[in-house]
Amino acid sequence: MSESTGTQKAEGTQVSLCGLGNMGGAVAGRLAARGAVLAYDLDADRLRKAVAEHGVTAAGTLADLARSRVVVLSLPSPKASRAVVEELAPAMPAGGVIVETSTVNPSDVAEMQGICAEHGVGIVDAAILSGVAQMAAGAATLLVGGEDRDVDAVEDTLDALGATRTRFGPIGSGMAAKVINNAVAHAVMVVLVEAGALAAATGVSGSALAELLGGPDAGLTRPLTHRFAERILRGDYAGGMPTEAARKDSTLALAMAQHAGVPLFAVQAAHSVYELGMAQGLGRLDYASIATLWERWTGRPLKELDSEREK
């Protein structure tokens, strides 16, 4: 995994853009700041707005987008992306590349790659981690996956879209990283609401809780920086806070919630994992050792080689 920061480059050849929703409109602005853009959307009002605000050229039909060697997608669903790829790939010039910025699953991108490969067209997944405002301001972060030759071929386009981009690996890996990131964010949101409800029920102020959790050794940061990065990725579970202690603390939290009448969902589910860890003999190992449960269930190691961690 590597990072690069976009720098201003000379105006390039025409790029096509399919999809002018909230994010697509911001993408149109970034692309138009670098060069000519041929754009299309099923919604005529969106298309007129992009022409007026960003100076893009309106495509008469979806098929017209295939004139460009680079086509950027910003669409609402995997089904929509696949349909567009199925129509455009056969008509694009050989060596052309489709840049998928819509949020889809890695398996969706792999299917689209199969379609593109039949017609000598490449595809890159460039998941947008940032919001619409960040994209419009030129401060977006892209999570990129794809073949090196395809990524290199659309470097100018990626530079136009992202102030920073992180290269994750093969096709679909950028999308996988975004979906994983969002899954963590959404799960953590549930945990934080549960924590806030417990705080309100036990006399802890919400602002004090936020300050506590944001500390470098607290419940949000430490599991990532120490237990995931330093223990799980190294397969090092000796010493540290044992699983049996984590189970005990989890039991205390559940008991406190029951006494306070606060329903818990995420914390209750997480507690089940520590029960399983105890049953599997992990009691005296650092509680990060619950990672070994997933290694057994999936047959895939979470430990990385030193060279992999340094990328």
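**Close-up views of a predicted model**

**View 1. Surroundings of Leu 31 in the largest nonpolar core.** Leaving aside residues up to four places away in sequence, Leu 31 touches Val 15, Leu 17, Val 37, Val 72, Thr 157, Ala 160 and Leu 161 in this predicted model. The largest nonpolar core has 29 residues, of which Leu 17, Val 27, Leu 31, Val 72, Met 135 and Leu 158 touch the most other members. Helix H1 (residues 22-32) supplies the largest share of this core, 5 residues.

View 2. Where helix H2 (residues 44-54) starts, a side-chain oxygen of Asp 43 comes to within 2.9 Å of the backbone nitrogen of Asp 45. After H2 comes Gly 55, with a positive phi near 75°.

View 3. Arg 247 and Glu 275 meet through their side chains in a salt bridge, at 3.0 Å from N to O. This pair links distant parts of the chain, since Arg 247 lies in helix H11 (residues 243-260) and Glu 275 in helix H12 (residues 266-279), 28 residues apart. Arg 247 is partly exposed at 29% relative accessible area, and Glu 275 is partly exposed at 31%.

View 4. Asp 236 pairs with Arg 231 in a salt bridge whose closest N and O atoms are 3.9 Å apart. Arg 231 is buried, with a relative accessible area of 9%, whereas Asp 236 counts as partly exposed at 35%. Through shared partners, salt bridges join Arg 227, Arg 231, Asp 236 and Asp 286 into one network.

Definitions and conventions: Residues numbered from 1 in each chain as written. Predicted model: local features only at pLDDT ≥ 70, side-chain atom pairs only at ≥ 80, totals over all residues. Heavy atoms only, no water. Core = buried A, V, L, I, M, F, W, Y, C linked by side-chain atoms within 4.5 Å. Buried < 20%, exposed > 50% of the residue type's maximum accessible area, 1.4 Å probe, protein only. Helix = DSSP H or I, 4+ residues; strand = E, 2+ residues; numbered from the N terminus. Contact = heavy atoms within 4.5 Å. Polar contact = N/O pair within 3.5 Å; in protein donor to acceptor, adjacent residues only side chain to side chain. Salt bridge = Lys/Arg side-chain N within 4 Å of Asp/Glu carboxyl O.
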